[in-house]
Amino acid sequence: MKVSCAAGVYGGVRASVKIILLGPPGSGKGTQGAALSKSLQVPEISTGDMLRQAVAEKTALGQQVGDVINQGCLVPDDLIISVIEERISREDCENGFILDGFPRTIEQGEALERVLPDSVDVVIYFNVSSEAVVARLAGRLTCRKCGAVYPNMDTSLCSVCRGDLYQREDDMTSTVLRRLKLYREHTEPLVAFYRDKGKLAEIDGEGSVEEIAQRVEEGIAQVLA
Ligand SMILES: [Zn+2]
């Protein structure tokens with residue numbers, strides 16, 4: 001990723017850039033989000049991580065969220081949006097942010113537009129076929145000791161710590177297929193939703209990390225142009 005180039009393209013033209021990452025599990029959006037966060041020098045905000053952290057730290061919000069989850073209910077959209085609103089009002093989001101994990105449904109996308117109408121500039125959509133997702137995730141091994149992730153079955157020992165590698169339950173084919181089905185049904189309609197608003201950067205998510213990073217950079221520039 002050409003750091004100086006990205007900073008020049010976006011930094012010079014705009015005061016800030018507010019990005020949402022969209023794509024199926026295993027689309028590589030986590031990897032690209034982390035690289036983008038570095039090159040644009042804006043925080044990557046994962047709503048899932050924020051909620052889990054609030055519950056663990058037993059903050060006022062965390063207790064509210066914990067109660068909802070303990071009652072077996074989903075965290076309501078307006079609660080998540082108020083969490084996002086608070087988070088993006090902090091100083092480190094002055095130049096923008098990258099939001100991952102929200103919205104996941106059309107209803108959430110509409111609620112976000114309603115409550116925080118100027119909260120999105122670009123939605124980066126990582127288009128990856130189901131076959132590629134299954135091949136990526138279902139072939140993935142994780143180190144029992146240090147958590148290092150290996151993309152395929154070629155090895156059985158971790159090269160970092162020599163620990164055993166195993167297949168996480170999340171990465172097994174049946175689990176991957178179930179998550180994909182949920183994604184296609186509930187989350188994918190957001191692609192058309194943001195395309196209609198002229199905010200969608202559709203990226204071919206198959207290829208090397210560097211190739212995809214290049215496409216992301218071009219995609220953002222096109223939407224902002
Ligand atoms: Zn290891």
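Author: Helices (H or I, at least four residues) and strands (E, at least two) are DSSP runs, numbered from the N terminus. Residues are numbered from 1 along each chain as its sequence is written. This is a predicted model: local features need pLDDT of at least 70, side-chain atom pairs count only at pLDDT 80 or more, and totals for chains, interfaces and linings use all residues.

Reader: Ok. Where does Glu107 lie?

Author: Glu107 lies in helix 6.

Reader: Is Glu107 buried or exposed?

Author: Exposed. Glu107 has 11 other C-beta atoms within 10 Å. The cut-offs: buried means 20 or more other C-beta atoms within 10 Å of a residue's own, exposed means 12 or fewer, and partly exposed is in between, with C-beta atoms placed from the backbone.

Reader: How many Å apart are Glu107 and Ser27?

Author: 23 Å, C-alpha to C-alpha. In sequence they are 80 residues apart.

Reader: Switching to packing. At what angle do helix 3 and helix 4 pack?

Author: About 100°, with the axes 7 Å apart. Axes here are lines fitted to C-alpha atoms, for helices over the stretch in contact, and angles run from 0 to 180 degrees between N-to-C directions.

Reader: And what do you call that arrangement?

Author: Helix 3 and helix 4 are roughly perpendicular to each other. That class takes 65 to 115 degrees; under 35 is roughly parallel, over 145 roughly antiparallel, and the rest oblique.

Reader: Which residues meet there, between helix 3 and helix 4?

Author: From helix 3, Leu51, Ala54 and Val55. From helix 4, Leu61, Gly62, Val65 and Gly66. Contact means that two C-beta atoms, placed from the backbone, lie within 7 Å. By class, this contact of helix 3 with helix 4 has five nonpolar, two polar and no charged residues. Ala, Val, Leu, Ile, Met, Phe, Trp, Tyr, Cys and Pro count as nonpolar, Asp, Glu, Lys and Arg as charged, and the others, Gly among them, as polar.

Reader: On to helix 5. Which residues are buried in helix 5?

Author: Ile80, Ile81, Val83 and Ile84 are buried in helix 5. They cover an arc of only 155° around the axis, which puts them on the same side of helix 5. The arc is that of the directions from the helix axis to the C-beta atoms.

Reader: Why would spaced residues share a side?

Author: An α-helix has 3.6 residues a turn, so residues three or four places apart point the same way.

Reader: What do the buried residues of helix 5 pack against?

Author: Helix 3, helix 4 and helix 6 (106-115). On the other side of helix 5, Asp78 and Glu86 are exposed.

Reader: And helix 2, which residues are buried there?

Author: Lys29, Gln32, Gly33, Ala35, Leu36 and Leu40. Seen down the axis of helix 2, they fall within an arc of 170°, so they line one face.

Reader: What comes just after helix 2?

Author: Gln41, with a positive phi of about 55°. Gln41 is in the loop between helix 2 and strand 2 (44-46). Gln41 counts as partly exposed, with 14 C-beta neighbours inside 10 Å.

Reader: Peptide bonds, then. Which one is cis?

Author: The bond from Phe102 to Pro103, with omega near -5°. Pro103 sits in the loop between strand 3 (96-100) and helix 6.

Reader: What about Cys93, where is its place?

Author: In the loop between helix 5 and strand 3. Cys93 is partly exposed, with 16 other C-beta atoms within 10 Å. Not counting residues up to four places away in sequence, Cys93 touches Val42, Pro43 and Ile88.

Reader: Last one. Is Val176 buried or exposed?

Author: Buried, with 22 C-beta neighbours inside 10 Å. Val176 is in helix 8 (residues 173-187). Leaving aside neighbours within four places in sequence, Val176 is in contact with Val133, Val134, Leu137, Ala138 and Asp171.
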